Amino acid sequence: MGGAGGVGSAESPVVRSDSNADQPLLSLRGIGKTFPGCIANEAIDLDLWPGEIHALLGENGAGKSTLVKIIYGVLKPDAGEIRWQGRPVALANPAQARALGIGMVFQHFSLFEALTVTENIALGLTDPSQRRDLRHRIVAIADAYGLPLDPDRVVHDLSVGERQRIEIVRCLLQDPRLLIMDEPTSVLTPQEAERLFATLRRLAAEGCAILYISHKLDEIRALCERATILRQGRVVATCDPRIEDSRYLAELMIGAELAAPSHGRRPDFDAATRLVVAHLTRASDQQFGTDLHDITFDVRAGEILGIGGIAGNGQSELMAVLSGEVLADRSERITLDGQPVGRVGPDGRRACGACFVPEERNDHGAVREMTLAENAFLSGHRRRNLARRGIIDRLRTLLFAGEVVSDFDVRTSGPKAEARSLSGGNLQKFIVGREILQRPGVLVVAQPTWGVDAGAAADIHQALLNLADTGAAIVIISQDLDELMMLSDRIAVIAGGRLSPPRPVGEVSVAEIGLLMGGVHGSRVAHAS
Amino acid sequence: MDSAILVSILLSIVSASTPLLLAATGELVTERSGLLNLGVEGMMLVGSVVGFAVTYSTGSALLGVVAAALGGAAMALVFSFLTLTLLANQVATGLALTIFGIGLAAMMGAGFVGHPVPKLPGLHIPGLSELPVVGPLLFGQDALVYFSFLALFGTTWFLFHTHGGLVLRAVGDSHDAAHAIGYPVIRIRYAAALFGGAMSGLAGAYLSLSYTPMWAEDMTAGRGWIALALVVFATWRPGRLLLGAYLFGGITILQFHVQTLGIGVPAQLVSMLPYLATIVVLCIISTDRGRIRLNAPACLGRPFHAAG
């Protein structure tokens with residue numbers, strides 16, 4: 001196997017005395033886990049060798065999270081055996097997993113909003129000696145791996161991207177033998193992702209095994225030596241992703257043929273302008289937010305404008321101003337189909353034909369405790385006439401929600417299911433579908449496919465393209481550059497609260513955009529190598 | 001106003017504030033762990049009757065105080081078992097605990113009404129305690145008054161300077177995340193609730209052994225509810241709790257003196273003062289949007305059920 005031989009650099013790599021290349025570091029045999037009503041894992045075999053970067057692929061709901069939670073000791077398997085360096089182990093809790101040297105970068109649910117970065121990291125370190133002088137070690141690790149992080153900031157005020165950096169740094173501090181990474185690069189610039197890959201390769205060369213979960217197939221092909229593909233709780237294939245092509249891997253994952261999104265149109269540069277934002281400047285309400293400076297752009301009918309950038313550069317503030325959750329200083333800063341709406345709230349803007357999909361689907365895009373029908377009513381009642389004289393028209397609401405569920409292939413028991421019972425990808429499809437079926441003239445979406453599997457992402461992308469074909473103007477604010485390059489007609493980058501002039505997507509390279517993201521405007525300069 | 005009156009006013013402010021401070025410190029720790037226990041009033045009453053009964057029967061104030069703490073903790077244990085193990089609704093259970101505590105204390109205390117016990121002894125340091133003004137205020141209080149300050153500073157230090165305190169705050173902020181990392185959410189909440197119960201018990205003991213060294217039915221007179229409000233008032237920060245408890249104690253005492261001074265304000269209006277002050281301060285705090293949101297434990301009152 002890879003690992004041991006590749007260690008030869010001058011920087012005194014950590015050679016672990018007991019790492020043994022003759023046997024897997026971790027092997028799973030016949031792992032099974034059943035939840036009421038669903039089999040999450042069934043007879044899963046998996047071997048992880050020291051020094052290998054192993055991809056775990058699968059759709060949302062394929063059982064990836066369950067499997068890694070079992071490895072990390074969060075869940076107990078119903079069946080099967082876990083061996084660590086050949087010895088059977090029972091992982092009763094994450095502390096035991098960490099004691100063995102298993103580290104995990106979570107995708108969700110593991111940060112404490114009210115606590116600072118340092119406190120959050122301290123909570124993940126079980127051994128008190130590791131907590132000594134933590135602040136300096138955080139800064140050192142963050143610098144070494146190109147993950148800029150202010151240890152004293154409260155997580156509450158951080159963006160998704162910055163939060164993910166905390167998770168990565170937290171793991172790296174523990175000097176892990178096996179590192180589990182759940183979609184770590186979704187919020188990094190291409191340059192930063194490259195830097196992270198260099199880090200991961202270095203860790204692997206030092207003998208650390210890495211279990212890498214990602215939906216970005218190109219990334220897996222560039223990084224991983226082996227891939228295990230899960231579908232419906234079972235292993236469907238184990239292969240070398242470097243020699244298989246992305247399309248084949250994606251089709252293994254979803255068990256069906258994947259249609260590439262198709263444009264049915266050419267952008268028409270004479271079409272009417274539907275959304276205009278002019279010299280918009282707005283100080284952030286958040287203590288550590290980003291102020292918007294002189295944002296100017298327009299979007300024509302049938303056009304998709306992509307806005308890229310690293311998390312925390314003003315995307316959430318821009319989204320709030322565009323949706324009307326935060327008002328602009330003057331009405332004419334934002335015009336919808338010629339109507340000034342800068343001082344109008346979200347409901348008024350919906351009345352003018354705009355719809356919005358916020359970045360955070362839980363508790364912002366949808367009320368988790370309410371049913372899908374109720375959630376459909378909340379945003380769609382005006383444009384779909386779901387209320388009569390203040391009384392909810394239950395039938396029309398149910399029909400509308402049912403239409404979203406069937407048109408967008410939302411996997412749920414029906415419109416009366418609670419929003420929180422849906423997986424992330426399904427809820428996202430529902431929210432995007434709910435807005436699109438209101439037939440908006442202008443749609444503003446933030447992170448349309450964040451944490452969504454390849455199949456669902458493809459559906460969402462196609463739906464956005466179809467909407468543009470009907471003459472809507474669409475703004476996509478996303479950190480996923482591949483997505484923006486694929487969908488947008490023009491692309492702009494937000495950095496430090498300033499927006500670069502939009503440019504046609506064919507005239508600009510990924511590298512150029514990466515540099516713009518890194519901060520032509522001076523703030524948050526990425527560590528250039 | 002001569003210094004004797006001033007000292008007596010200040011002493012009575014300390015007496016009025018101490019039970020609030022004790023109970024609120026305990027509740028603050030409980031709420032920081034994400035558990036909302038509205039049964040403070042009930043736990044205080046049980047503490048006060050148990051403390052009184054044990055002191056009256058054994059003659060030992062120390063035993064009485066310890067018993068009061070245990071009594072309050074036992075009530076908290078009932079609450080924790082119902083809400084943490086059986087996942088009962090915290091608000092309903094807390095209200096029930098108060099009603100239960102009122103009845104239980106009245107029953108247990110029926111035989112003790114009208115019997116006096118000796119007041120908790122004050123500190124006496126020859127020389128220092130005789131100093132004018134400062135002497136009785138700083139060096140003449142009883143042990144529970146000193147303990148209330150010690151507990152507050154100890155709590156502050158624990159919450160913000162130890163890893164255990166960090167874990168407790170983390171559990172209150174996101175029990176799912178704490179569970180994912182591997183902290184025992186339920187056990188931590190049990191511990192926090194028991195501490196809160198014990199502190200409420202001590203607050204009760206202070207009332208029946210020092211404030212008025214006797215037992216009377218319903219003698220807490222709503223102080224448990226005020227302690228609950230103080231925790232919000234303090235936006236879950238111990239430092240502000242001290243300020244709030246003494247502000248509230250001060251206003252309570254002020255109303256007696258305004259009445260005796262014969263100022264031409266209707267007595268009812270003056271009696272409203274403490275509550276009015278609470279509302280005004282709460283309004284002022286709420287205008288600062290960030291503050292409450294940043295400090296309120298995000299999981300406050302939410303049941304935790306570990307998946308798997």
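Welcome! Chain A holds an open sheet of six strands in the order 6-7-8-3-9-10, with mixed pairing; strands here are DSSP runs (E, at least two residues) and helices are runs of H or I with at least four, both numbered from the N terminus. Two strands pair if DSSP finds at least two bridges between them. This is a predicted model, where local features need pLDDT of at least 70 and side-chain atom pairs count only at pLDDT 80 or more, while totals for chains, interfaces and linings use all residues. Residues are numbered from 1 along each chain as its sequence is written, and chains are lettered from A and ligands numbered from 1 in the order in which they are written.

**The sheet of chain A**

- At the edges of the sheet are strand 6 (102-105) and strand 10 (234-239) of chain A, each pairing on one side only.
- On average, neighbouring strands of this sheet are turned by 20° against each other, direction ignored; axes are lines fitted to C-alpha atoms, for helices over the stretch in contact, and angles run from 0 to 180 degrees between N-to-C directions.
- Strand 7 (residues 178-182) and strand 8 (residues 209-213) of chain A run parallel and are joined by five bridges.
- In strand 8 of chain A, I213(A) stands opposite D182(A).
- Helix 8 (residues 246-254) of chain A lies across strand 3 (53-58), strand 9 (226-231) and strand 10 of chain A, and runs at about 35° to strand 9 of chain A.

**Chain B**

- Chain B has 13 helices and zero strands.
- Of its 308 residues, 44% count as buried, meaning that 20 or more other C-beta atoms, placed from the backbone, lie within 10 Å of a residue's own.
- Helix 11 (residues 238-260) of chain B has 23 residues and spans 34 Å from its first C-alpha to its last, close to the expected 33 Å; the expected span is 1.5 Å times one less than the number of residues.
- Buried residues in helix 11 of chain B include P238(B), L241(B), F248(B) and I253(B).

**Where the chains meet**

- In all, 22 residues of chain A are in contact with 16 residues of chain B, contact being C-beta atoms, placed from the backbone, within 7 Å.
- Helix 2 (94-100) and helix 3 (117-123) of chain A are the elements that give two or more residues to the side of chain A that touches chain B.
- Helix 3 of chain A provides the largest share of that side, three residues.

Definitions and conventions: Contact = placed C-beta atoms within 7 Å. Buried ≥ 20, exposed ≤ 12 C-beta atoms within 10 Å, placed from the backbone.
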